[in-house]
Amino acid sequence: MSEDTVKGFDKLKLGDVMASLDSEYNSLDGGYQNGATKRERDYKIYAMKPMGQDIQGRSKTIDSTTFDKVEWLTPNLVRPFVESDEVIEVEPEDEGSYVASQYMREILTYQLKRSQSWYDIVHSSVKGALIWGQSYAKLHFEKRSGLPDIVRVEPVHPSEIRYDTDCDDFYKSSVVVHDVSVTASDLKEMVGKPGMNDEAIKELLSMRGNDYKYLNERGAEQRERENSRMYMGNGVSQFDEENKYFVLHEHYRNMDVDGSGVSIPVIATYAQGQLIKF
């Protein structure tokens with residue numbers, strides 16, 4: 001493989017791909033920051049935290065209406081999803097594959113509801129939708145050595161998702177990015193796995209990571225807690241090398257990968273200028 005091309009794709013110049021990905025990612029920042037401000041406000045209302053609008057001499061009682069409604073509605077909305085086995089549909093390719101599609105539906109339903117905490121996944125998604133007005137979950141197949149692939153669903157915090165907010169619908173966005181926070185130890189475990197660019201991972205590991213898991217508004221509380229503990233003299237020290245954090249950008253978009261003029265869906269995973277999977 002040429003150092004100037006993407007691993008496995010001789011028609012794609014690495015520099016052009018990274019420039020395109022970085023440009024798209026940065027273009028999503030404005031809408032993301034506006035959403036972060038709204039999410040922070042919505043959570044404060046739900047958690048009954050001060051909004052910084054206190055008037056001296058007046059009551060400091062905080063309205064619990066939002067909290068009460070969310071806590072009351074959540075279990076009622078979760079129940080239909082966890083009590084029913086109709087959680088996934090598999091469309092047959094043709095009339096002859098109907099039986100196979102139903103068999104696959106049974107397998108996927110079992111994997112979703114029995115091999116992971118389905119209640120916690122649905123509960124997190126429903127509660128997030130009530131608090132922030134948006135909720136996400138990521139479905140993917142986990143490859144297992146010597147065993148069949150297994151389907152996984154992970155709830156995703158809205159602060160980890162970036163998309164084109166000029167679209168009137170999330171699904172109409174031409175690009176979606178999921179920011180995934182991993183440790184240096186996690187990165188080392190990726191070396192040698194199928195599809196990974198080992199050289200890029202090693203280069204990334206040589207760079208300075210982040211002291212905090214979240215770089216978005218979720219990180220504010222974490223930094224506040226750590227700073228408070230340091231001030232109180234509880235012995236909080238600098239994170240060691242194995243536990244420093246890196247934010248990987250999982251970039252979903254269409255791209256012409258072979259010069260044919262036809263774009264296909266691709267997922268590019270990168271961080272700090274290093275393309276670690278494509």
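**Core, helix and confidence**

Reply: Happy to. The largest nonpolar core has 15 residues, and Leu-12, Val-17, Leu-21, Tyr-270 and Leu-275 have the most contacts inside it. A nonpolar core here is a set of buried Ala, Val, Leu, Ile, Met, Phe, Trp, Tyr and Cys residues joined through side-chain atoms within 4.5 Å; buried means under 20% relative accessible area (1.4 Å probe, protein chains only).

Me: Which helix and strand each supply at least two residues of this core?

Reply: Helix H1 (14-27) and strand S8 (264-271), with H1 giving the most, four residues. Helices (H or I, at least four residues) and strands (E, at least two) are DSSP runs, numbered from the N terminus.

Me: What does Leu-21 touch?

Reply: Leaving out residues up to four places away in sequence, Leu-21 touches His-251, Arg-253, Ala-268, Tyr-270 and Leu-275; contact means heavy atoms within 4.5 Å.

Me: New topic: which residues are buried in H4?

Reply: Ser-101, Arg-105, Leu-108, Thr-109, Gln-111, Leu-112 and Lys-113. Their cover includes helices H3 (65-83) and H5 (118-132) and strands S3 (136-144) and S4 (147-156).

Me: And where is pLDDT under 50?

Reply: Over residues 227-239. pLDDT is the predictor's confidence in each residue, from 0 to 100, and where it is low, the predicted coordinates should not be read in detail. The chain mean is 78.

How values were computed
Residues are numbered from 1 along each chain as its sequence is written. This is a predicted model: local features need pLDDT of at least 70, side-chain atom pairs count only at pLDDT 80 or more; totals for chains, interfaces and linings use all residues. Side-chain values use heavy atoms; hydrogens and water are left out. Buried means under 20% relative accessible area, exposed over 50%, partly exposed in between (1.4 Å probe, protein chains only).
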